[in-house]
Amino acid sequence: MNLSRKRKKELRKLQDDAGQLWEAQQVLVGHAADIAREAGRQLGHFNREQVVPVVQDTYSRRVAPTLDRGLKMGRKVVDQRVVPMVGGVVGTALSAWDVANAKRRSVLGVPAPAVSQKKGPGLGSVIALVLGAAAAIGVVVAAWQALRADDELWVADDPLSTPNA
């Protein structure tokens with residue numbers, strides 16, 4: 001493609017203007033990032049100095065006493081009503097079960113079974129060991145993934161260059 005001198009000169013001027021515009025935009029974006037960073041810092045100060053004390057005061061004056069009363073009432077109901085009732089029902093059921101077993105044994109003439117000692121870990125112990133080992137392996141794998149060097153995460157330290165028009 002053959003361009004006249006005049007067109008080449010106009011294209012070079014346009015390319016220079018685009019480069020200057022690009023540099024000006026980079027300065028403007030940098031300044032906007034500084035302003036946004038400072039606004040975030042000021043918002044954090046405002047939150048610590050104004051919002052958090054008001055929220056904590058409101059919580060301690062209004063919410064905490066209500067929660068404490070509810071917890072005390074619930075604990076009182078459980079301790080004074082539910083636990084004795086459930087304990088009585090369970091105790092009655094177990095004593096009836098024991099009486100029925102004793103009656104059955106006496107009718108059949110079967111002696112009471114001897115209590116045998118367990119030998120070795122039970123099924124629950126084995127399951128707990130397997131789950132504990134799996135959790136430990138998961139933690140080790142997660143730590144390895146987090147701490148290994150990763151070439152794909154490389155970030156360039158060079159500033160952006162102007163685009164070629």
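Trainee: Is R41 buried, partly exposed or exposed?
Mentor: R41 is partly exposed, with a relative accessibility of 44%. Keep in mind that this is a predicted model.

Trainee: OK, and which side chain does R41 meet in a salt bridge?
Mentor: That's E38, with N to O at 2.8 Å. E38 is partly exposed too, at 33% relative accessibility.

Trainee: Where do R41 and E38 sit relative to each other?
Mentor: Both are in helix 1, three residues apart, so about one helical turn separates them.

Trainee: Why does that spacing matter for where side chains point?
Mentor: An α-helix has 3.6 residues a turn, so residues three or four places apart point the same way. And side chains of opposite charge can pair when their charged atoms come close.

Trainee: Nice. How many salt bridges are there in the whole structure?
Mentor: The search finds four. Another one joins R37 and D34, at 2.9 Å from N to O. Those two are also three residues apart in helix 1.

Trainee: Is R37 buried or exposed?
Mentor: R37 counts as exposed, because its relative accessibility is 56% and the cut-off for exposed is over 50%. D34 comes out as partly exposed, at 42%.

Trainee: And which residue does E10 form a salt bridge with?
Mentor: With R7, and their closest N and O atoms are 2.8 Å apart. E10 and R7 lie in helix 1 as well, three residues apart. E10 has a relative accessible area of 39% and R7 has 45%, so both land in the partly exposed range.

Trainee: Changing topic: which residues of helix 1 are buried?
Mentor: G19, A64 and N101.

Trainee: Now the helix itself. Which residues does helix 1 cover?
Mentor: Residues 5-108.

Trainee: What would a straight helix of 104 residues span?
Mentor: It would span 154 Å at 1.5 Å a residue, but helix 1 spans only 121 Å between its end C-alpha atoms.

Trainee: Where does helix 1 bend?
Mentor: There's a bend of about 40° at S60.

Trainee: Last one: what follows helix 1?
Mentor: G109 does, and its phi is positive, near 75°.

Methods: Residues numbered from 1 in each chain as written. Predicted model: local features only at pLDDT ≥ 70, side-chain atom pairs only at ≥ 80, totals over all residues. Heavy atoms only, no water. Helix = DSSP H or I, 4+ residues; strand = E, 2+ residues; numbered from the N terminus. Buried < 20%, exposed > 50% of the residue type's maximum accessible area, 1.4 Å probe, protein only. Expected span 1.5 Å × (residues − 1). Bend = angle between axes of the 7 residues up to and from the residue.
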